Amino acid sequence: MDIKVELNNGSVLAVTNSSMVLFDNGFGEPDIVGGDGVYSRYLTKYPAPGRYSFSISVGDNNNQAVFVTKGGPTLKKPPKAGVSTCCGSNVPIPANRKKKIGVFKRHLMGPSVDVKSIPLSSGKI
């Protein structure tokens with residue numbers, strides 16, 4: 001994802017030096033379940049107030065992209081009491097239900113967000 005901000009004086013800045021890669025790995029916030037097809041990442045730096053525009057590019061990841069065919073549920077009950085099937089986990093998809101999508105690329109203009117002010121950092125995270 002590429003992010004640019006148009007400042008109130010009309011100049012445009014790139015927020016990220018290169019594309020920001022989104023993840024579907026289930027390693028925790030912001031992506032709590034890996035393999036579910038929801039890709040996410042936090043934007044933590046805002047250089048200035050202005051209109052932030054997002055553009056999204058997706059592709060087949062060198063022919064590695066797959067879709068899941070119809071079938072029964074992929075999750076069963078947790079293996080034992082107290083074991084969660086979400087939130088920091090992965091969705092187990094049987095190999096026979098994964099089908100290659102083939103070569104593709106898409107580019108979308110995403111939403112724009114007006115940021116009116118940037119709070120001063122308190123040094124705390």
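**Figure 1. Confidence across the predicted protein chain.** The protein chain averages a pLDDT of 78, and 78% of its residues score at least 70. This is a predicted model. Among the elements of the chain, strand E1 (residues 2-6) has the lowest mean pLDDT, at 70. Strand E7 (residues 98-100) has the highest, at 91. Where pLDDT is low, the predicted coordinates should not be read in detail.

**Figure 2. The strands of the protein chain.** The secondary structure comes to 8 strands and 0 helices. Read along the sequence, the pattern is β-β-β-β-β-β-β-β. The protein chain has 125 residues, and 22% of them are buried. Consider contacts between residues at least 6 apart in sequence: 65% of these join residues at least 24 apart.

**Figure 3. Asp114 in strand E8.** Asp114 has its place in strand E8, which covers residues 105-115. Its relative accessibility is 41%, so Asp114 counts as partly exposed. The value falls between the 20% cut-off for buried and the 50% cut-off for exposed. Glu6 is 108 residues away from Asp114 along the chain.

**Figure 4. The contacts of Asp114 with Gly50 and Arg51.** Leave aside the neighbours of Asp114 within four places in sequence, and Asp114 is in contact with Gly50 and Arg51. With Arg51, the link is also a polar contact between side chains. The distance for this polar contact between Asp114 and Arg51 is 3.0 Å.

**Figure 5. The largest pocket and the residues at its centre.** About 990 Å³ of space lies in the largest pocket. Its lining consists of 27 residues. Of these, Asp24, Tyr39, Gly59, Asn61 and Ala65 lie nearest the pocket centre. Rolling a probe the size of a water molecule over the atoms shows where empty space is left.

**Figure 6. What lines the largest pocket.** Two elements give two or more residues to the lining of the largest pocket: strand E4 (50-59) and strand E5 (66-68). Strand E4 gives the most, with 5 residues. By residue class, the lining of the largest pocket divides into 14 nonpolar, 8 polar and 5 charged residues.

Methods:
Residues numbered from 1 in each chain as written. Predicted model: local features only at pLDDT ≥ 70, side-chain atom pairs only at ≥ 80, totals over all residues. Heavy atoms only, no water. Helix = DSSP H or I, 4+ residues; strand = E, 2+ residues; numbered from the N terminus. Buried < 20%, exposed > 50% of the residue type's maximum accessible area, 1.4 Å probe, protein only. Contact = heavy atoms within 4.5 Å. Polar contact = N/O pair within 3.5 Å; in protein donor to acceptor, adjacent residues only side chain to side chain. pLDDT = per-residue confidence, 0-100. 1 Å grid on protein atoms, 1.4 Å probe; cavity = no way out; pocket = protein on both sides within 12 Å on 5 of 7 lines; lining within 4 Å. Points joined across faces, edges and corners; volume = space filled by probe spheres on them. Nonpolar A, V, L, I, M, F, W, Y, C, P; charged D, E, K, R; others polar.
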